[in-house]
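This briefing covers the confidence of the model, its nonpolar core and the surroundings of its ligand. Please read it alongside the sequence and structure shown here.

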Amino acid sequence: APAIAPVGPFGPLAELVVRRVLLGDFVAAAKYGTGQPIDDPVREQKILDTVTAESVRLGMPPEPSVRFFRAQIEASKVVQRGLFSRWERHPGQRPVRKPDLATEVRPRLDELTMELLRELHATLQLRRPNVVCGIWRVEAETSADIVHRLDKLHRRAVAVSMRPICQS
Ligand SMILES: O=C(O)C(=O)C[C@]1(C(=O)O)C=C[C@@H](O)C=C1
């Protein structure tokens, strides 16, 4: 982990978002060359059901949380599609090790789901559709990109992930 972290009230949220985006690399490595499709609607529904139940348990309206997690899933697909096409074009960059999706990668995604939900709860009052929220979003997103030295593909994914945060 970097010594400096993304800044502002959404800094901790952006840090978790980046960690989830980076796990997309491991999802892609697990699936690449196996014929397993990037899209898994059954898994997506399980995540969104958990998000709904946990949001209610935390006392948050579930709709904004579901919207946020749909964006996290879309961001993971941006990463996976981008890496698949990169690895087709540059075979030398293909992953050498194939992580196991079910036992290695998804459990880490599940942990992040809980951490992200706690951070959504902590920032609930700040995540409103107004100019200040938009500024905090850009501040957190930009600093996260820089702190983690993200390439264009991963920056694009983080932007997708952060888009709904002012829609509570
Ligand atoms: O778990 C997977 O298979 C993933 O590709 C990860 C993920 C996600 O972001 O949680 C993304 C796309 C799939 O449709 C389902 C879930």
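Two residues are in contact if their C-beta atoms, placed from the backbone, lie within 7 Å. Leaving aside neighbours within four places in sequence, V17 is in contact with V158, S161 and M162. The model is predicted, with an ipTM of 0.99 and a pTM of 0.97.

**Confidence**
- The protein chain has a mean pLDDT of 97, and 99% of its residues reach 70 or more.

**Helix 1**
- Spanning residues 11-31, helix 1 has 21 residues and reaches 31 Å from its first C-alpha to its last, close to the 30 Å expected at 1.5 Å a residue.
- Helix 1 is mostly covered, with 15 of its 21 residues buried.
- G33, which follows helix 1, has a positive phi, near 80°.

**Nonpolar core**
- The largest nonpolar core comprises 33 residues, and L13, A14, V17, V21 and V158 have the most contacts inside it.
- At least two residues of this core come from each of helix 1, helix 3, helix 4, helix 5 (131-147) and helix 6 (152-162).
- Helix 1 provides the largest share of this core, eleven residues.

**Ligand surroundings**
- There are 14 residues around the ligand, of which V27, D40, R43, I73 and S76 come nearest.
- By class, the shell around the ligand holds six nonpolar, two polar and six charged residues.
- Helix 2 (41-58), helix 3 (62-89) and helix 4 (101-122) each contribute at least two residues to the shell around the ligand.
- Helix 3 gives the most to this shell, with four residues.

Technical notes: Residues numbered from 1 in each chain as written. Predicted model: local features only at pLDDT ≥ 70, side-chain atom pairs only at ≥ 80, totals over all residues. Near = placed C-beta within 6 Å. Nonpolar A, V, L, I, M, F, W, Y, C, P; charged D, E, K, R; others polar. Expected span 1.5 Å × (residues − 1). Buried ≥ 20, exposed ≤ 12 C-beta atoms within 10 Å, placed from the backbone. pLDDT = per-residue confidence, 0-100. Core = buried A, V, L, I, M, F, W, Y, C linked by C-beta atoms within 7 Å.
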